[in-house]
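Take a look at the picture, and then we will follow the contacts.

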Amino acid sequence: MHIRVVNPNTTAAMTALIGASARAVAGPGVRVEAVTSAMGPASIESHYDEALSVPGLLAAIADGETRGIDGYVIACFGDPGLDAARELARGPVVGIAEAAMHTAALLGRGFSVVTTLDRTGGRAWDLAARYTAPGACRGVHACEIPVLELEADPHLADRVAALAGLALERDGSDVIVLGCAGMAGLCAAVSDRLGVPVVDGVSAATLMVQSLVALGLRTSQRCEFAAPPPKRYTGAMATFQLESANRPVSRGSSAM
Ligand code: 5HY
């Protein structure tokens, strides 16, 4: 089984961290490759960033389709381009916010999200409303550390754990969701400090894709997620033209 984890931002150092977390949980015989988007924002911290991250993400999916990839993880907490990726990919596609929130809903009465910048909180609430029952998400809290500064912060685990502890008290929640792919390695450290389940979407999504592929399940092609109808794309998007029903031109991406 071959799973591709796509980092929709263009920062290779973050892809390395994401890849390590995904490989740490992958089953025997499961090959996990983490790829960095070849175009777009260095980090995704706004709606503008998110919109401009989608072409690079779709290019990495399209390239995967020419290489027989079995399933995909979208490794950004905004789940950018998730629906479009599902139209393009033969195999299942899971976003890390989606995986983390569904997993958290299995583990307690209510979860709190700890994310990077406050301005990304609205997106987390939108996704919680889409993915989980009303009341499952009890709060979204920002540590105000920019995405690309997470890895360099020597006190990151302490700061995230402190905020998560406050969130549990304020929200009356009993599970924590880490709201950024760059926080993937913090689960154990934060969970040990707080004594509650702490969910990282990268590992949760990797195992969900692995399970779906193992079950022989894929996105339904019956209607909404059927292949995009071929048409002309112009300008900078001309290379996104589909040769025929969902077989776009291979553009490659930098595998890690
Ligand atoms: C992420 N941004 O997981 C999101 C986190 C965020 O570049 N990778 C990013 O703040 O929304």
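Arg-159 is partly exposed, with a relative accessible area of 40%. Here, buried means under 20% relative accessible area, exposed means over 50%, and partly exposed lies in between, using a 1.4 Å probe and protein chains only. The partner of Arg-159 in a salt bridge is Asp-153, and their closest N and O atoms are 2.7 Å apart. Asp-153 itself is buried, at 14% relative accessible area. A salt bridge, by the rule used here, is a side-chain nitrogen of Lys or Arg within 4 Å of a carboxyl oxygen of Asp or Glu.

Before going further, a word on the model: it is predicted, so local features need pLDDT of at least 70 and side-chain atom pairs count only at pLDDT 80 or more, while totals for chains, interfaces and linings use all residues. Residues are numbered from 1 along each chain as its sequence is written, and side-chain values use heavy atoms, leaving out hydrogens and water.

How many salt bridges does the rule give? The count comes to nine. One of them joins Glu-50 and Arg-123, with the closest N and O atoms 2.8 Å apart. This pair links distant parts of the chain, since Glu-50 is in helix H2 (residues 47–65) and Arg-123 is in helix H5 (residues 121–131), 73 residues apart. Helices (H or I, at least four residues) and strands (E, at least two) are DSSP runs, numbered from the N terminus. Glu-50 is buried at 13% relative accessible area, whereas Arg-123 is partly exposed at 23%.

Helix H2 also holds Glu-65. The side chain of Glu-65 meets that of Arg-90 in a salt bridge, 3.6 Å from N to O. Arg-90 is in the loop between helix H3 (82–88) and strand S4 (93–95), 25 residues apart from Glu-65. Glu-65 counts as buried, at 5% relative accessibility, and Arg-90 is partly exposed, at 30%. Elsewhere, Arg-4, Glu-33, Asp-63 and Arg-67 are linked in a network of salt bridges.

Now turn to the ligand. Which residues surround the ligand? Among them are Asn-9, Met-14, Ser-43, Cys-76 and Gly-179, where near means a heavy atom within 4 Å. A polar side-chain atom of Thr-116 lies 2.4 Å from an oxygen atom of the ligand. For Ile-44, a polar backbone atom is 2.6 Å from a ligand nitrogen atom.

Conventions: A polar contact is a pair of N or O atoms within 3.5 Å; within protein, one must be able to donate a hydrogen and the other to accept it, and residues adjacent in sequence count only if both atoms are side-chain atoms.
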